[in-house]
Amino acid sequence: MIELTDVLKMTVSLLAIVEPFGIVPFFLAVTQGWPRPRALAAARTTAFTVLTVLVVSVFAGEAMLGVFGISLASFSVGGGLILLMLALSMLRAQEVGLRQTPEEAEETAERNAAAVVPMGVPLLAGPGAISNVIIQSHQFGGGVDVHVALVLAILFVALVVAVVFSFAGWIADRLGTVGVNLVTRLMGLILAALAVEMMARGLSELFPGLAH
């Protein structure tokens, strides 16, 4: 039976990976000049995209790995490396290249009407977040209670995304660049620790001798 501490760990780790505060400047740039109702609709659509992609990953992610013959232990190591790269970029308060390429950013700038999709995937629900939910589903046993806990964690994170983006202008004014970078670095530190733990667990399964 999954415990409350496990649910909290799921939620905190996923929130650290998605990290909507770090995307606030991008959201404001994309929605600049938009009427308030349109910007709010963009915030809701982005949150719904995150919710949909991650929930699908919970239930179909492991099956997709099986199709490609990838073990969860190998995926844990690979996913941990991705999270560590994200964490290092966050600790330096730099734009994370894994989330969006310069070409994608240029296309987004030219096509503001389609900008919501890059914000949801891959800026928020990117490789790191998808890896996290798949691995955590396996780590805690993959039972009904685990799936329910993960879905609740994803729902909470999606709600945070919707709220943060709905008040993006207010948050940016209050926090400023320094404040946003501080939150990003704090989340990066948490994420780095989670990435190391994920890789260590995967390596111990691939190489049992390392556990002794």
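1. Glu197 and Arg201. In this predicted model, Glu197 and Arg201 are 4 residues apart in helix 9, so about one helical turn separates them. Their side chains meet in a salt bridge, with an N to O distance of 2.8 Å. Arg201 counts as partly exposed, at 26% relative accessibility. Glu197 is also partly exposed, with a relative accessible area of 32%.

2. Glu197 and Lys9. The side chain of Glu197 also meets that of Lys9 in a salt bridge, at 2.7 Å from N to O. Because Glu197 lies in helix 9 and Lys9 in helix 1, this pair ties together parts that are 188 residues apart in sequence. Lys9 is partly exposed, its relative accessible area being 29%. The structure holds 2 salt bridges, and Lys9, Glu197 and Arg201 are linked in a network of such bridges.

3. Overall architecture. The secondary structure of the protein chain comes to 9 helices and 0 strands. Along the sequence, the pattern reads α-α-α-α-α-α-α-α-α. Of the contacts in the chain with a separation of 6 or more, 85% are accounted for by residues 24 or more positions apart. Buried residues make up 43% of the 212 residues in the chain. The chain exposes about 10,600 Å², of which carbon and sulfur atoms supply 70%.

4. In soluble globular proteins, nonpolar side chains tend to be buried together. Here the largest nonpolar core has 52 residues, and the members that touch the most others are Leu14 and Phe165. Two or more residues come from each of helix 1, helix 2, helix 3 (36-67), helix 4 (72-91), helix 6 (116-124), helix 7 (127-139), helix 8 (144-166) and helix 9 (168-206). Helix 8 gives the most to this core, contributing 11 residues.

5. Surroundings of Phe165. Which residues are in contact with Phe165, leaving aside its neighbours within four places in sequence? They are Pro20, Ile23, Val24, Phe27, Ala43, Thr46, Met119 and Leu124. As stated above, Phe165 is one of the two residues, together with Leu14, that touch the most other members of the largest core.

6. Glu19 in a loop. Glu19 has its place in the loop between helix 1 (4-18) and helix 2 (24-30). Is this residue, Glu19, buried or exposed? Glu19 is buried, because its relative accessible area is 3%, and the cut-off for the buried class is under 20%. A polar atom of the Glu19 side chain lies 3.1 Å from the backbone nitrogen of Gly22. The backbone of Glu19 also deserves a remark: its phi is near 45°, a positive value in a residue other than glycine.

7. Ser57 in helix 3. The place of Ser57 is in helix 3. Ser57 is buried, with a relative accessible area of 9%. Not counting residues up to four places away in sequence, Ser57 touches Ile130, Val133 and Ile134.

8. Val144, Val148, Leu152, Leu155 and Leu159 make a nonpolar surface patch of about 470 Å². At 45% relative accessibility, Val148 counts as partly exposed, since the exposed class begins over 50%.

9. Leu81 and Ala192. Leu81 lies in helix 4. How far apart in space are Leu81 and Ala192, C-alpha to C-alpha? The distance is 9.6 Å, for a pair 111 residues apart in sequence. Leu81 is partly exposed, with a relative accessible area of 43%.

How values were computed. Residues numbered from 1 in each chain as written. Predicted model: local features only at pLDDT ≥ 70, side-chain atom pairs only at ≥ 80, totals over all residues. Heavy atoms only, no water. Buried < 20%, exposed > 50% of the residue type's maximum accessible area, 1.4 Å probe, protein only. Polar contact = N/O pair within 3.5 Å; in protein donor to acceptor, adjacent residues only side chain to side chain. Core = buried A, V, L, I, M, F, W, Y, C linked by side-chain atoms within 4.5 Å. Contact = heavy atoms within 4.5 Å. Patch = residues over 30% accessible without salt bridge, like charges linked within 9 Å, V, L, I, M, F, W, Y side chains within 5 Å. Areas by Shrake-Rupley, 256 points an atom, 1.4 Å probe, with all protein chains shown as cover. Salt bridge = Lys/Arg side-chain N within 4 Å of Asp/Glu carboxyl O.
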